[in-house]
Amino acid sequence: MSARRPAPLLEAALAILRKDLLAEWRTRVAVNALFLFAFAVLVLVGYAVGPTRLAPEDRPTVNAVLLWIVIFFSAMTGLARVFVKEEEGGTAAALRLAAPPAAVLLGKYLVNIVLLFAVTAFIVPLFLVLTSFEIACPSLFVALLVLGCLGLAGASTFTAALVSKASAKGALFAVLSIPLLLPPLIAAVSGTQVAARDVDFSAGLDFVRVLVAYDGVVTTAAFALFDAVWRE
């Protein structure tokens with residue numbers, strides 16, 4: 001009788017992605033938290049700093065900061081649950097046996113990417129309309145959004161794995177993830193200000209490079225350390 005072969009990495013990761021998206025579709029816990037929080041904050045931001053309440057020269061700075069604050073706290077609201085729900089539901093042990101650690105991390109990372117991209121696609125158009133935030137270089141703005149969300153999803157996924165067995169998960173997740181996410185947030189906010197003022201993509205190229213480097217370092221470190229965290 002031949003031993004059972006482990007599932008290939010990508011196949012196992014996609015299976016975890018499908019499982020989590022189906023579970024999320026049935027319960028909608030993370031989706032509801034993400035979208036309701038984002039909608040409530042967008043309404044407040046639109047009311048507080050509508051298109052006529054800011055001086056034209058202040059709009060790029062204030063709107064860039066507010067946009068990334070909405071995205072950041074929306075991410076903090078829903079992305080921490082990818083590993084917590086496995087521990088709380090008693091399925092973590094089965095998942096350890098069914099898939100290699102790298103596939104588990106990749107699958108959970110893809111889940112958070114899908115959720116964060118969906119909520120970002122919901123937030124950004126509404127934010128641009130409610131605040132009349134004009135973007136001079138859309139290609140730079142989109143590149144910053146994609147790279148910033150990849151960084152948020154990557155760091156949030158690994159931090160969620162670290163705190164999944166702790167008793168004070170919410171507080172520990174915030175304490176660990178906020179310092180880790182400040183560098184990409186600063187680069188994304190600064191780059192968004194440039195995208196709002198300058199039509200030239202190269203004017204914000206330094207911020208794109210910072211985000212690419214951050215995403216690469218965080219992803220590499222997460223895959224290098226996850227095996228010890230997951231089997232602890």
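Which side chain meets that of Asp20 in a salt bridge? The sections below answer this question and describe related features of the structure, which is a predicted model.

## Salt bridges

The partner of Asp20 is Lys19, with a distance of 2.7 Å from N to O. Asp20 is buried, at a relative accessible area of 1%, whereas Lys19 is partly exposed, at 37%. Lys19 also forms a salt bridge with Glu86, and here the closest N and O atoms are 2.8 Å apart. Glu86 counts as buried, with 3% relative accessibility.

In the whole structure, a search finds 5 salt bridges. Another of them joins Arg209 to Asp206, whose closest N and O atoms are 3.4 Å apart. Both residues lie in helix H9 (residues 205-231), 3 residues apart, or about one turn of the helix. Arg209 is exposed, at 52% relative accessibility, and Asp206 is exposed as well, with a relative accessible area of 53%. Elsewhere, salt bridges that share partners join Lys19, Asp20, Glu86 and Lys108 into one network.

## Helix H4 and its end

Helix H4 spans residues 81-89, and its buried residues are Val82, Phe83, Val84 and Glu86. Just after the helix comes Gly90, which takes a positive phi of about 75 degrees.

## Aromatic rings and charges

A pair of aromatic rings is described by the distance of the centres and the angle of the planes. The search of the whole structure finds 6 aromatic pairs. Phe72 counts as buried, at 7% relative accessibility, while Phe73 is partly exposed, with a relative accessible area of 38%.

Ring pairs also link Phe83, Phe226 and Trp230 into a cluster. The charged end of Arg96 sits over the ring of Trp230, 4.4 Å from its centre. Lys108 lies over the face of Phe83, at 5.8 Å from the ring centre. Lys108 is also part of the salt-bridge network that contains Lys19, Asp20 and Glu86.

## Cysteines

How many disulfides does the model contain? The count comes to 0. Cys137 is in no disulfide, and the nearest cysteine sulfur, that of Cys149, is 17 Å away. A disulfide requires two cysteine sulfur atoms within 2.5 Å, so the distance of 17 Å between the sulfurs of Cys149 and Cys137 is too far for a bond. Both residues are buried: Cys137 has a relative accessible area of 3%, and Cys149 has 1% relative accessibility.

## A nonpolar surface patch

Phe39, Val43, Leu126 and Leu130 make a nonpolar surface patch of about 320 Å². Helix H2 (29-48) and helix H6 (101-131) are the elements that give two or more residues to this patch. Leu130 is found in helix H6 and is partly exposed, with a relative accessible area of 35%.

How values were computed
Residues numbered from 1 in each chain as written. Predicted model: local features only at pLDDT ≥ 70, side-chain atom pairs only at ≥ 80, totals over all residues. Heavy atoms only, no water. Buried < 20%, exposed > 50% of the residue type's maximum accessible area, 1.4 Å probe, protein only. Helix = DSSP H or I, 4+ residues; strand = E, 2+ residues; numbered from the N terminus. Phe/Tyr/Trp six-rings, centres within 6.5 Å; stacked < 30°, edge-to-face > 60°. Lys NZ or Arg CZ within 6 Å of the ring centre and 35° of its normal. Patch = residues over 30% accessible without salt bridge, like charges linked within 9 Å, V, L, I, M, F, W, Y side chains within 5 Å. Areas by Shrake-Rupley, 256 points an atom, 1.4 Å probe, with all protein chains shown as cover. Salt bridge = Lys/Arg side-chain N within 4 Å of Asp/Glu carboxyl O.
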